[in-house]
Amino acid sequence: MVDALFHQAYPMARRAAQVRAAAALSASPSTTLDRGDVEQEALLGVFRALEHFDSSRAGLRTYVETVISNLVGSMMRAQRASFRTPPN
């Protein structure tokens with residue numbers, strides 16, 4: 001079931017990952033993240049999250065967009081947090 005959903009979600013997930021990664025990295029040029037890595041992590045996150053997808057709660061596109069938005073946001077926050085933490 002997850003594989004079938006992923007094949008259905010992949011085109012929209014790929015596009016959403018490209019857009020979110022480009023926007024996040026252009027807003028934070030000092031990050032050490034690579035755009036391709038962010039896109040790949042987002043797609044892997046979607047694949048992992050699809051087992052929790054419930055079509056009675058949201059459409060597939062909405063679910064995919066939310067998962068990608070949360071993942072990319074978390075990656076960007078993690079990058080900023082490492083600079084705030086003083087070395088021991």
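Here, a residue counts as buried when its relative accessible area is under 20%, exposed when that value is over 50%, and partly exposed in between (1.4 Å probe, protein chains only). This is a predicted model, so local features need pLDDT of at least 70 and side-chain atom pairs count only at pLDDT 80 or more, while totals for chains, interfaces and linings use all residues. Residues are numbered from 1 along each chain as its sequence is written, and side-chain values use heavy atoms, with hydrogens and water left out.

**Figure 1**
Let's start with the overall layout. The protein chain has 3 helices and 0 strands, and reading along the sequence gives the pattern α-α-α. Helices (H or I, at least four residues) and strands (E, at least two) are DSSP runs, numbered from the N terminus. The C-alpha atoms fill a box of roughly 45 × 25 × 20 Å, taken along the principal axes. Of the 88 residues, 35% count as buried. Contact means heavy atoms within 4.5 Å; among contacts with a separation of 6 or more, 67% come from residues 24 or more positions apart.

**Figure 1. An aromatic cluster built from Phe6, Tyr10 and Phe47.**
Which rings pair up here? The structure holds 3 aromatic pairs. The rings of Phe6 and Tyr10 make a tilted pair, because their centres are 5.7 Å apart and their planes sit at 55 degrees. For the rules: rings of Phe, Tyr and Trp (its six-membered ring) pair if their centres lie within 6.5 Å, and planes under 30 degrees apart count as stacked, over 60 as edge-to-face and the rest as tilted. Phe6 and Tyr10 are 4 residues apart in helix 1 (residues 2–27), so about one helical turn separates them. Phe6 is buried because its relative accessibility is 17%, whereas Tyr10, at 33%, is partly exposed. Phe6 also pairs with Phe47, this time edge-to-face, with 5.3 Å centre to centre and 90 degrees between the planes. Since Phe6 lies in helix 1 and Phe47 in helix 2 (residues 35–49), this pair ties together parts that are 41 residues apart in sequence. Phe47 itself is partly exposed, at 35% relative accessibility.

**Figure 2. A salt bridge between Glu65 and Arg20.**
A search of the whole structure finds 2 salt bridges, a salt bridge being a side-chain nitrogen of Lys or Arg within 4 Å of a carboxyl oxygen of Asp or Glu. In the Glu65–Arg20 bridge, the closest N and O atoms are 3.8 Å apart. This pair links distant parts of the chain, with Glu65 in helix 3 (residues 60–84) and Arg20 in helix 1, 45 residues apart. Glu65 is partly exposed, with a relative accessible area of 29%, and Arg20 is partly exposed too, at 34%.

Is Glu39 buried or exposed? Glu39 is buried, because its relative accessible area is 17%. Setting aside neighbours within four places in sequence, Glu39 is in contact with Ala17, Gln18 and Ala21.

**Figure 3. The buried face of helix 2.**
Helix 2 has 15 residues and reaches 21 Å from its first C-alpha to its last, close to the 21 Å expected at 1.5 Å a residue. That expected span is 1.5 Å times one less than the number of residues. Val38, Glu39, Ala42, Leu43, Gly45, Val46 and Ala49 are buried in this helix. Looking down the axis of helix 2, the buried residues fall within an arc of 160 degrees (from the directions of the helix axis to the C-beta atoms), so they line one face of the helix.

**Figure 4. The largest nonpolar core.**
A nonpolar core is a set of buried Ala, Val, Leu, Ile, Met, Phe, Trp, Tyr and Cys residues joined through side-chain atoms within 4.5 Å. The largest one has 25 residues, and those with the most contacts inside it are Val46, Leu50, Leu60, Val64 and Ile68. Helix 1, helix 2 and helix 3 each supply at least two of the core's residues, with the largest share, 10 residues, coming from helix 1. What does Ile68 contact, leaving aside its neighbours within four places in sequence? Ile68 is in contact with Ala13, Ala16, Ala17, Arg20, Ala42 and Val46.
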